Amino acid sequence: MIKNKSRGYPTTLTFDITYKCNLRCRMCNVWKLDERSDKPELTTKEIIDTFKTYKSHFGVNCVRFLGGEPLLREDLPEIIREISPSAFTEIVTNGTLINESVAKELVKGELHRIRFSIDGPEKYHDLMRGKGAFLEASKGIDALQKEKKKQNKQHPVVSIWPVMSKKNYIHLKEMYLFAKEKNADFKLLFLVDFNKSLKDTYFEGKRIGCHRAIDPDCLLLTLKEKEEIWSRYYYLLRTYKEKTNRNVLFIKIEQCLRYLLNKLCPLLYRDCNRTKTTILIDPWGNFFPCEFLYYYEYGNCLVDGPEIWFSERRVKLRKEIKRGSLPSCRECNRLGFYREVRVPIISKIFSKINL
């Protein structure tokens with residue numbers, strides 16, 4: 001077994017377990033990827049066996065299930081039951097398919113965390129994701145929390161991660177209080193789009209960039225607006241005495257540094273954490289570097305073993321990513337999507353502060 005403590009080996013296995021989805025969110029076209037193949041999706045056994053293989057070779061300790069909508073896979077609770085004793089498990093869901101029976105199976109299966117994509121108050125959320133989506137997701141959270149009490153369990157941890165945009169950041173406080181009301185964690189995501197860079201990203205003569213957002217230009221936040229959101233977020237944490245109770249001065253210093261470093265980012269390119277630590281697998285078992293470089297496959301879990309991680313095809317792409325020669329990776333780097341621009345000494349100081 002190769003220990004994951006060594007640099008260069010994967011620690012996380014991410015299954016895009018299905019691209020089917022019961023919603024048609026305005027800012028997402030992932031469901032269209034389901035049309036890419038007429039092959040059957042990975043079976044329950046194939047998913048579990050893939051995990052066991054990479055667990056034994058690399059010590060993979062985290063497994064995430066994304067989509068589409070993962071809960072459209074009726075065998076997902078069974079997969080969770082098999083994997084959870086050996087690794088941290090997480091589902092990212094729109095929450096609309098969670099009823100009492102599904103909640104019972106997820107809690108019983110020892111799922112560790114479930115992330116709900118709830119973007120704002122009911123009116124805004126339904127505008128973006130479809131009529132009734134907010135109410136169904138809210139019922140799903142309630143069903144999970146009720147089942148956790150019934151089974152006297154702490155997991156899964158319920159998290160609410162809104163996708164922040166120009167339309168919903170004014171509702172940040174409402175979303176935060178909604179999460180507190182539901183006894184859920186609250187984190188922030190930002191809508192991103194770098195369509196031009198994806199179109200310009202070619203490798204070995206083929207375009208490998210994949211656009212997963214639908215015309216989000218009118219929704220995209222500026223860097224200044226993002227910093228304003230972080231300021232509001234920290235204010236809420238202080239106001240409601242969350243664990244993160246930062247000194248206002250240090251918050252301002254850190255925000256200024258992050259703002260300046262992001263501005264200088266093209267000169268401060270850092271390697272991608274995603275492609276260094278994560279194995280991504282699509283519904284048909286294909287390995288790909290990340291969701292934005294989806295049209296570059298370097299193997300398939302049904303055919304290739306763990307040695308695919310060290311294959312020439314993957315290593316060649318990794319060299320280009322590390323070098324920063326792919327336009328999509330440079331743009332992703334500028335947005336801080338899968339890297340964090342920071343000054344090491346400042347980070348150490350902040351880590352000592354009560355966060």
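Two rings of Phe, Tyr or Trp (its six-membered ring) pair if their centres lie within 6.5 Å; planes under 30 degrees apart count as stacked, over 60 as edge-to-face and the rest as tilted. This is a predicted model, where local features need pLDDT of at least 70 and side-chain atom pairs count only at pLDDT 80 or more, while totals for chains, interfaces and linings use all residues. Residues are numbered from 1 along each chain as its sequence is written, and side-chain values use heavy atoms, with hydrogens and water left out.

Start with the rings. The count is 15 aromatic pairs.

Select Phe15 and Phe65. They are stacked, 5.8 Å centre to centre, with 10° between the planes. Phe15 is in strand 1 (residues 12–16) and Phe65 in strand 2 (residues 62–66), 50 residues apart. Strands are DSSP runs of E, at least two residues, and helices are runs of H or I, at least four, numbered from the N terminus. Both Phe15 and Phe65 are buried (under 20% relative accessible area, 1.4 Å probe, protein chains only).

Next, select Tyr54 and Phe58. This pair is also stacked: 5.9 Å centre to centre, 25° between the planes. About one helical turn separates the two, because they are four residues apart in helix 1 (residues 44–58). Tyr54 and Phe58 are both buried.

Now widen the selection. Tyr9, Tyr54, Phe58, Phe287, Tyr298 and Phe310 make up one aromatic cluster.

Finish with charges over rings (NZ of Lys or CZ of Arg within 6 Å of the ring centre and within 35 degrees of the ring normal). Select Arg115 and Trp161: the charged end of Arg115 sits over the Trp161 ring, 3.9 Å from its centre. Then go to Tyr296. Arg313 lies over its face, 4.1 Å from the ring centre.

Technical notes. Buried < 20%, exposed > 50% of the residue type's maximum accessible area, 1.4 Å probe, protein only.
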